[in-house]
Amino acid sequence: MNIETDVQLKAFNTLSLNAVAAYYVEVSHTEDLLQALAFAHQKNLNVLILSGGSNMLLPERIEALVVHMSIAGIEKLSESPETVTLKIGAGENWHDFVLWTTEHHLFGLQNLALIPGRVGASPVQNIGAYGVEAGEFIESVQVYDRKLKAFSSILAKDCNFSYRHSIFKDEPERYIITHVTFKLLKQPQLKLNYGDLKQAVGDDLTAENLQEQVIKIRQSKLPDPAEFPNAGSFFKNPVVSASVFDQIAANFPGLPHYPQPNAQIKMAAGWLIDQSGWKGRQLGKVGMFEKQALVLVNYEDAGLSDVKATYHAVQSAVHQKFGVMLEPEPVLFNALGLIVPHETFERI
Ligand code: EPU
């Protein structure tokens, strides 16, 4: 285990924010994790867990130990007539893992192709796209529990998965995910209900084609972080009660929306931002992408303050027009490496 000092994290976060970690260590084995935690304890440092860096807002200097979770490995645990259960290291690249499952004729995750990030982050915000959420195929999550000071396994039913949410968001400093166990199908069950996916898939009803079409749709709308640094959807799609939705929709009948459980309605944040004039608009170094208004892009070597200025302006514009407060999806860290709430409501 090699603990480095003053490490630039620009290459490790997909928004390419300038952020220097006072201490940094890459962890490839569970034993290294314990050593890293002991080091942080001894130095009285907080621990910031870094995965694929695709959902984080980092300050310019972080006085903490940044632990880059790089545990690798795909292990087959068991098989039934219908399913195969696989345990995946938290450090595996998500998209490569999805491609691997399709090559091995294991089904369920194809709609989630091309999502940036690593496997260990997939349960945290229960990544989802095109009508599928990772939580549907997760059997359990292997963690180091910092409260109980022990490794343990949490069953999916106890992870409380919901839209972009899980227990790992409720108690962010408690669990460090080391592996994720997935139960995948041996026979494809294609989910084609989302938007224009069915049309794109056409008559070739195979999981391989579904995966290919998802990749094409994403590539046509979403910027490649290597070219335009971004963190995917920057805001969550707001979920409101049916009565609040009816009030808004009375003035904006074209608003795309999706009914949710408990009679709630999810509205398309991309549309709200687009209609507020922010699609393809830039404030300083940071703007909302021209092909998908929901994606915030770092165009010119921005820092966290530049990002905040733009997203606050977008929030205000949407709030003014629709009375809806958009909530950012990426997690915000402070200079001590702790997760802090976005200052959303203080400003309005
Ligand atoms: N729309 C606009 N203008 C825009 C963008 C979108 O009018 O600039 C409209 C679209 O025409 C469509 C609706 O808004 O009617 C929804 O847009 P889209 O289908 O592109 O999906 P989304 O709601 O913007 C969500 C997820 C994505 C996921 C896609 C596909 C959230 C916050 N985002 O986006 O997830 O890939 O659906 O399932 O739930 C991510 O979380 O990083 C992410 C990319």
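How many helices and strands does the secondary structure of the protein chain come to? The protein chain contains 8 helices and 21 strands, where helices (H or I, at least four residues) and strands (E, at least two) are DSSP runs numbered from the N terminus. This is a predicted model, in which local features need pLDDT of at least 70 and side-chain atom pairs count only at pLDDT 80 or more, while totals for chains, interfaces and linings use all residues. Residues are numbered from 1 along each chain as its sequence is written, and side-chain values use heavy atoms, with hydrogens and water left out.

The overall dimensions come next. The C-alpha trace of the protein chain spans about 55 × 50 × 35 Å along its principal axes. A compact globule of 348 residues would have a radius of gyration near 20 Å, and the value for the protein chain, 20 Å, agrees with this; the radius is taken over C-alpha atoms, and the globule rule is 2.2 Å times the number of residues to the power 0.38. Of the 348 residues, 51% count as buried. Here buried means under 20% relative accessible area, exposed over 50%, and partly exposed in between, with a 1.4 Å probe and protein chains only. Among contacts with a separation of 6 or more, 61% come from residues 24 or more positions apart, a contact being heavy atoms within 4.5 Å.

The protein chain exposes about 15,800 Å², of which carbon and sulfur atoms supply 50%; accessible areas come from the Shrake-Rupley method with a 1.4 Å probe, and for residues only the protein chains shown count as cover. There are 29 positive and 38 negative side chains, and the centres of the two sets lie 4 Å apart. Lys and Arg count as positive and Asp and Glu as negative, with His and the chain ends not counted; each charge is placed at NZ of Lys, CZ of Arg, CG of Asp or CD of Glu.

An unreviewed UniProt entry annotates residues 17–187 as "domain: FAD-binding PCMH-type". UniProt positions are given in the numbering used here, feature names are shortened, and annotations may be inferred rather than shown by experiment. The span 17–187 is 16% helix and 38% strand, and its end C-alpha atoms lie 42 Å apart.

Several loop residues deserve attention. Tyr130 sits in the loop between strand 8 (128–129) and strand 9 (132–133), and it counts as buried at 11% relative accessibility. Beyond its neighbours within four places in sequence, Tyr130 is in contact with residues including Asn111, Lys191 and Arg218. Leu114, in the loop between helix 2 (94–103) and strand 8, has a positive phi near 70 degrees although it is a residue other than glycine. Lys149, in the loop between strand 10 (138–145) and strand 11 (150–155), also is not a glycine and has a positive phi of about 55 degrees. Leu114 is partly exposed at 27% relative accessibility, whereas Lys149 is exposed at 64%.

The unreviewed UniProt entry also gives an "active site" annotation to Arg164, Ser233 and Glu329. They span 166 residues in sequence, yet no two of their C-alpha atoms are more than 11.2 Å apart, so they gather at one spot. Ser233 belongs to strand 13 (residues 230–233) and is partly exposed at 23% relative accessibility. Glu329 is buried, with a relative accessible area of 6%, and occupies the loop between helix 8 (304–322) and strand 20 (331–333). Not counting residues up to four places away in sequence, Glu329 touches residues including Arg164, Lys169 and Ser233.
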